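Let's take a friendly walk through this protein model. Have the sequence and the 3D view open as you read.

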Amino acid sequence: MAAILMGAYANPAVHNIFYSGSGRATACERLNALPHWDWWPWPVQGVEGGGTTLFPLSLGCPPRRTSEGREWIAPCIGEPSQARALRMPDIYEGRTGAVLRNLQQAADATPPCRQLGPVDVQSPLGIAELLWDESFYLALIEAPAAVHVLLNNITEFLIAFLREYQRLAGERLMPVAWPPIWATGRGTMIADDTMSLVSPAMHAEFSLPYLNRIADACGPVYYHSCTWRKPHFDNIHQLRHVAAYNWNPGNSDDSADIMREFAGKAVLAPHVVLNMHKDNDVLALNHQPPFADECMFLEYLIDSVPSNGCAYFAFTNMVENKQQIEKIYDLFDKRGWSPEQRLAKI
């Protein structure tokens with residue numbers, strides 16, 4: 001299974017269909033009894049501390065708690081002069097240092113784990129947004145030079161950290177924190193969720209160059225942005241060293257258009273969640289008959305994969321719904337795309 005999946009990343013223009021929910025147990029005992037219900041080859045050892053707050057906490061944001069008690073941060077920048085003056089620490093200081101030591105401990109464990117988990121890597125622009133207060137987007141217009149100083153420093157810090165993370169994990173690295181698709185070896189995910197919050201021109205200035213610097217230094221890149229719109233397609237095409245593209249089909253333009261546009265360049269990896277068939281952008285498709293559930297919507301996505309496209313569908317909370325995940329598995333199995341059927345042919 002691992003060899004088949006890595007072959008798909010190497011040859012994304014070959015038509016293939018895969019799916020996974022991180023290898024987790026489902027709500028369906030029949031599927032859980034299978035040797036593999038999805039395409040996740042083996043367990044991955046997580047590394048503590050590598051969530052979304054990792055880089056903001058490391059770069060000076062004070063810790064906070066959400067109303068649900070989850071770890072979060074408060075901004076540490078309120079004006080351009082603070083952005084210019086913000087010190088980038090050594091990667092072995094603070095939270096990044098703790099995460100690297102946790103990774104080293106996991107790498108040295110006996111018996112050795114087969115694969116070591118990734119961290120959540122936000123884009124430099126996304127990290128800058130978390131560091132800055134509510135005046136951040138105004139600063140893009142009024143103080144672009146200060147923003148670029150900050151973005152440059154964040155990018156250099158990220159590259160230094162990711163290179164060390166890759167060195168410590170070696171070939172056992174799992175490079176994808178999101179979406180829940182499987183891969184192994186060198187690379188990194190990048191979450192570029194600020195893309196939909198700025199114009200294509202602003203994204204080309206304030207995000208794309210820094211993403212490509214990370215891709216050149218630490219790629220291949222498993223690229224995520226929740227919302228994909230056609231005006232941003234040209235920028236996405238300019239991303240270098242992309243192994244997989246991920247988007248939220250419930251909060252983007254028609255996934256059929258996205259897959260036609262980007263088929264063959266990298267693995268197409270949209271994620272599917274419960275009740276996505278009710279999301280506004282899905283309803284706007286005016287599909288007839290209307291999508292009754294996620295399985296019906298997923299079938300639309302499957303049928304939209306071009307002949308020169310490789311798709312890897314990522315399931316999240318879908319695995320918690322017995323009826324839906326069983327219907328979805330049966331849909332894939334009927335088409336001959338279950339792991340058992342595919343592996344039996346090899």
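## The largest cavity

Helix α8 gives the lining of the largest cavity its largest share, three residues. Both α8 (144-169) and β4 (188-191) supply at least two lining residues each. Helices (H or I, at least four residues) and strands (E, at least two) are DSSP runs, numbered from the N terminus. Among the residues that line this cavity are Leu162, Tyr165, Gln166, Thr188 and Met189.

By class, the lining has nine nonpolar, three polar and no charged residues. Here Ala, Val, Leu, Ile, Met, Phe, Trp, Tyr, Cys and Pro count as nonpolar, Asp, Glu, Lys and Arg as charged, and the others, Gly among them, as polar.

## A pair of helices

Now look at α14 (residues 294-303) and α15 (residues 322-334): their axes come within 9 Å and cross at roughly 30 degrees. Axes are lines fitted to C-alpha atoms, for helices over the stretch in contact, and angles run from 0 to 180 degrees between N-to-C directions. The two helices are therefore roughly parallel to each other, a label for angles under 35 degrees.

Which residues of α14 and α15 make the contact? On α14 they are Glu294, Cys295, Leu298, Glu299 and Ile302, and on α15 Gln324, Lys327, Ile328, Leu331 and Phe332 (contact means heavy atoms within 4.5 Å). This contact includes six nonpolar, one polar and three charged residues.

## About the model

This is a predicted model, where local features need pLDDT of at least 70, side-chain atom pairs count only at pLDDT 80 or more, and totals for chains, interfaces and linings use all residues. Residues are numbered from 1 along each chain as its sequence is written, and side-chain values use heavy atoms, leaving out hydrogens and water.

Technical notes: Angles under 35 degrees count as roughly parallel, over 145 as roughly antiparallel, 65 to 115 as roughly perpendicular and the rest as oblique. On a 1 Å grid over the protein atoms alone, a cavity is a set of points where a 1.4 Å probe fits but cannot get out, and a pocket is an open set with protein on both sides within 12 Å along at least five of seven lines; lining residues have an atom within 4 Å of a point.
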